[in-house]
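This report walks through a few features of one protein model, from its loops to its helix packing and its nonpolar cores. Please keep the sequence and the structure at hand while reading.

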Amino acid sequence: MKRSATTVPLTALAPVSWGTTYAVTTEFLPPDRPLFTALMRALPAGLVLLAVARVLPKGAWWWKAPVLGALNIGAFFPLLFVAAYRLPGGMAAVVGSVQPLFVVGLSTLLLGRRPAARTLVTGVVAALGVSLVVLQGAGALDVTGVLAAVASTASMAAGTVLTKRWGRPDGIGPLALTGWQLTAGGLLIAPLAVLAEGAPPALDGRAVGGYLYLALANTAVAYWLWFRGIGRLTAPQVAFLGPLSPLTAAVVGWAALGQSLTPVQLMGMALAFAATLAGQLGERGRRGGGQGAANRSVLLKRTIEKFRWT
């Protein structure tokens with residue numbers, strides 16, 4: 001898939017949008033309903049995209065789409081909310097910021113792609129920067145919360161790498177693929193939400209508006225851009241955009257919720273943003289270097305053939 005100059009900026013809009021989730025959840029939605037919120041994000045968005053795409057999976061994609069939907073949506077959303085509710089401060093975001101390292105490791109196993117030292121260092125710096133921004137407070141860590149945070153990060157990383165490995169069926173665009181995954185993930189969350197939280201809560205106008213935003217802009221459009229980007233970028237490139245989510249959450253908290261930013265947090269934001277940029281440039285250089293080597297190989301072969309016949 002040919003990459004255009006807008007691919008990275010458009011893909012980056014996904015984690016930027018996800019960074020607004022916390023503010024919308026706390027200011028507009030009913031409290032203590034993480035699974036219902038996850039369901040309202042996933043299933044309506046998936047059904048809307050299915051109605052627009054008007055195409056269903058065929059062949060092996062009847063099982064591949066649910067697997068990706070479970071990893072990227074059905075398991076990721078509930079685990080993320082469990083971690084956010086049980087861990088202090090921004091610990092869940094800190095654990096999530098190591099996703100590039102998970103992706104690098106899984107890319108080695110599933111894609112046969114050896115990581116460069118620069119990529120590993122950049123991933124560590126990104127996690128450090130995010131930790132300076134969002135890690136607050138002290139106290140004992142909840143074991144269940146930590147395990148949920150690690151599992152959610154691993155789930156999303158595995159979904160990203162498998163999406164890259166499997167690609168898309170011929171003639172199927174990212175819109176349909178996104179709709180399949182959101183619908184499958186939402187159907188997985190639905191029974192969990194009913195069993196754990198009971199009947200849906202009463203919704204006022206603010207809650208309806210919040211859920212509409214989460215389902216449409218924050219999920220349908222954002223995940224369509226995300227999966228579109230996975231098809232055009234390397235898996236580490238996509239993963240290195242992830243730290244933009246907690247950075248956006250910090251900026252929204254400062255601008256809209258009156259939360260202050262300390263000098264240490266500002267330094268962390270600069271580190272994380274620099275690591276995100278370095279991750280893009282490093283992966284682009286690797287791709288360019290590989291393409292350049294391939295071009296040189298073709299040129300050498302043609303030169304040899306020329307002298308053979310003269």
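Is R54 buried or exposed, and what is its relative accessible area?

The model discussed here is a predicted one. In it, R54 has a relative accessible area of 73% and is therefore exposed, since the cut-off for that class is over 50%. R54 is found in the loop between α3 and α4, the latter being residues 61-74, and although R54 is not a glycine, its phi is positive, at about 55°.

D32 also has a positive phi, of about 60°, without being a glycine.

## Packing of α2 against α11

The axes of helix α2 (residues 21-28) and helix α11 (residues 205-232) come within 9 Å and cross at roughly 160°. Angles over 145 degrees count as roughly antiparallel, and α2 and α11 are therefore roughly antiparallel to each other. The crossing of these two helices, α2 and α11, is left-handed.

On the α2 side the contact is made by T21, V24, E27 and F28, while α11 contributes R206, A207, G210, Y213, L214 and N218. Sorted by class, the residues in the contact of α2 with α11 are five nonpolar, three polar and two charged.

## The largest nonpolar core

The largest nonpolar core has 29 residues, of which W18, F77, Y223 and W226 touch the most other members. At least two residues of this core are supplied by each of α1 (7-18), α3 (34-53), α5 (76-86), α10 (174-197) and α11, and the largest share, seven residues, comes from α3.

Leaving aside residues up to four places away in sequence, F77 touches A38, R41, A42, I189 and Y223.

## V161 in helix α9

V161 lies in helix α9, which spans residues 143-166. The relative accessible area of V161 is 0%, so V161 is buried, the cut-off for that class being under 20%.

When residues up to four places away in sequence are not counted, V161 touches V103, L106, S107, L110, L111 and A235. V161 and L109 are 52 residues apart in sequence, and the distance between them in space, from C-alpha to C-alpha, is 9.9 Å.

Technical notes:
Residues numbered from 1 in each chain as written. Predicted model: local features only at pLDDT ≥ 70, side-chain atom pairs only at ≥ 80, totals over all residues. Heavy atoms only, no water. Axes fitted to C-alpha atoms, helices over the stretch in contact; angles between N-to-C directions. Helix = DSSP H or I, 4+ residues; strand = E, 2+ residues; numbered from the N terminus. Parallel < 35°, antiparallel > 145°, perpendicular 65-115°, else oblique. Left-handed = near helix turned anticlockwise from the far one by under 90°. Contact = heavy atoms within 4.5 Å. Nonpolar A, V, L, I, M, F, W, Y, C, P; charged D, E, K, R; others polar. Buried < 20%, exposed > 50% of the residue type's maximum accessible area, 1.4 Å probe, protein only. Core = buried A, V, L, I, M, F, W, Y, C linked by side-chain atoms within 4.5 Å.
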